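Thank you all for making time this morning.

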Amino acid sequence: MAITDHYDIVIGLEVHCQLKTKSKLFCDCKNQFGCEPNENTCPVCLGMPGTLPVLNRVAVDYSIKTALAIGAKVAETTKFDRKHYFYPDLPKGYQISQYDEPYCTGGGLNVNLSDGSSKFIELNRIHMEEDAGKLSHSEDSHMADSIVDLNRAGTPLMEIVTEPVISTPEEAYVYLTELKQLLEYIDVSDCNMQEGSLRCDANISLKPKGAAKLGTKVEIKNMNSFKNVQAAIEHEVKRQYLAIENDETIVQETRLYDVDKDVTRSMRSKEEANDYRYFPEPDLPRLAIDENWIEEIRSTLPELPAQRRQRYRDSYGLPDYDIAQITADRNIADFFDAVAENCKAYKEISNWMMGEVMRELSERKLSISEFEVQPKALAELISLIEQKVISKKIAKEDVFPEMVKNKLAAKTVIEEKGLKVESNDDVLLPIIREAISANPKAVADIRAGKKKAIGAIIGSCMKATKGKADPQSLSALVQSELERLL
Ligand SMILES: [Zn+2]
């Protein structure tokens, strides 16, 4: 891109992640998507005068867990603040958030880029806050109604903020993918972008190459997939570049990304922090997070994605491509580990997982937990191939589909259908002799020195045994039989 010859691209990302607690952040209403409008509300989250917020301990647990997983520093004490703005989906007229003393600072994620390099994306902070409700606007022009649903009002969020260290749209995409994977591994959010439990805003600016002063930043909102984030950043960088080159001034504003038209549109001028009139939330005491609490949470941390990738390299010797595919989803990786406990042919397991298993899951839109074949059963099937009881071809075409369809064990399918590999000379020899006499042209070719013609004879033996002949025994027997004849 010619733009980067003259300008540095500076990107910072803010991710809002909804925590999967049972109840909301300051009241005991259900934190659940898809309920009847305003079903999950109470005087606290409706902002009734005289009500008091009570902090959800599990939301803090999950927030601490995230901080530890991402290598950030948890503050000894922290506080909540009111962030004021007027909007119909915000009944109190303010949002309880954290302003100048977030519960955690620093940390970051190492990301691997497509050119083989890697980069550490530093975080500025993570803070806790409550979400607002949701507005739906009527599309009927005769009824200019807007409907307010406050089920989401008061649900717990973490806002995860990077330093402005991201320099390309690809880095943004890879960072988001890595972050989502981490949040799923530590099980603090379902990260469902369609339901809005993971949302991303990007701050983008350009500055002349090497300049110290940052350019005017523009915030892009409304991006509901990581591919859209990447596309929106690409678009916005070009827009700002053209504006600067034409001596236009970049306005500090919030823009919306329109996926269908691939353009960003101005939404509103960007608020400064002082527009929000932040002040400490008087209804919540300061929150002390002591060492014991942190250590208690640390002990619940599972193996993290980067650690698991390293283990797959060290213990299983898998190629990086396989590792990335298998560990992308923690449940798939858990399944892999369970298969590997019962079968040592790790690369074969990986091939089966990336091939037959994932194909089956994606075709039928199943999650691995709903899959009919259990890890032990898959391990048995792969072991039977390794022991040359059945061929790989038969395993894929005849055995595996039956295991999925009728939940049968591989051994049962092989027994019932008589699919065992045939390596017995007494069975194979008559078939070979038959094949030789049925293929006089191939025999003549072999006589004339065309060794490849042996393939025709082996092929017709395979056909006669419906693919069950053991390739090695078959090939050796055909060779010796031909030598005897010639
Ligand atoms: Zn409530």
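In what order do the three strands of the open sheet lie, and is the pairing parallel or antiparallel? Keep in mind that this is a predicted model. The order is β5-β4-β16, and the pairing is antiparallel. The edge strands are β5, residues 94-97, and β16, residues 279-280, each of which pairs on one side only. Strand β4, which covers residues 81-84, is joined to β16 by two bridges, and if you look along this pairing you will find D81 standing opposite P280 in β16.

Let me turn now to the zinc ion. Its protein donors are the SG atoms of C27, C29, C42 and C45, which lie 2.3 to 2.4 Å from the ion, and along the chain these donors follow the spacing C-x1-C-x12-C-x2-C. C29 and C45 both sit in the loop between β1 (7-18) and α2 (57-69), so this pair ties together parts that are 16 residues apart in sequence.

Why do we call the arrangement around the zinc ion tetrahedral? The four donor atoms subtend angles of 100 to 114° there, and all four donors count as tetrahedral when every angle lies between 85 and 135 degrees. For orientation, the ideal angle for four tetrahedral donors is 109.5 degrees.

Finally, are C29 and C45 buried or exposed? C29 has a relative accessible area of 8%, and is therefore buried, while C45, with a relative accessible area of 6%, is buried as well, since the cut-off for buried is under 20%.

Definitions and conventions
Residues are numbered from 1 along each chain as its sequence is written. This is a predicted model: local features need pLDDT of at least 70, side-chain atom pairs count only at pLDDT 80 or more; totals for chains, interfaces and linings use all residues. Side-chain values use heavy atoms; hydrogens and water are left out. Donors are N, O and S atoms within 2.8 Å of the metal (3.2 Å for Na, K and Ca); water is not among the atoms, so sites may look incomplete. Four donors count as tetrahedral if all angles lie between 85 and 135 degrees; four count as square planar and six as octahedral if opposite donors are over 155 degrees apart and all others between 65 and 115; anything else is irregular. Helices (H or I, at least four residues) and strands (E, at least two) are DSSP runs, numbered from the N terminus. Buried means under 20% relative accessible area, exposed over 50%, partly exposed in between (1.4 Å probe, protein chains only). Two strands pair if DSSP finds at least two bridges between them.
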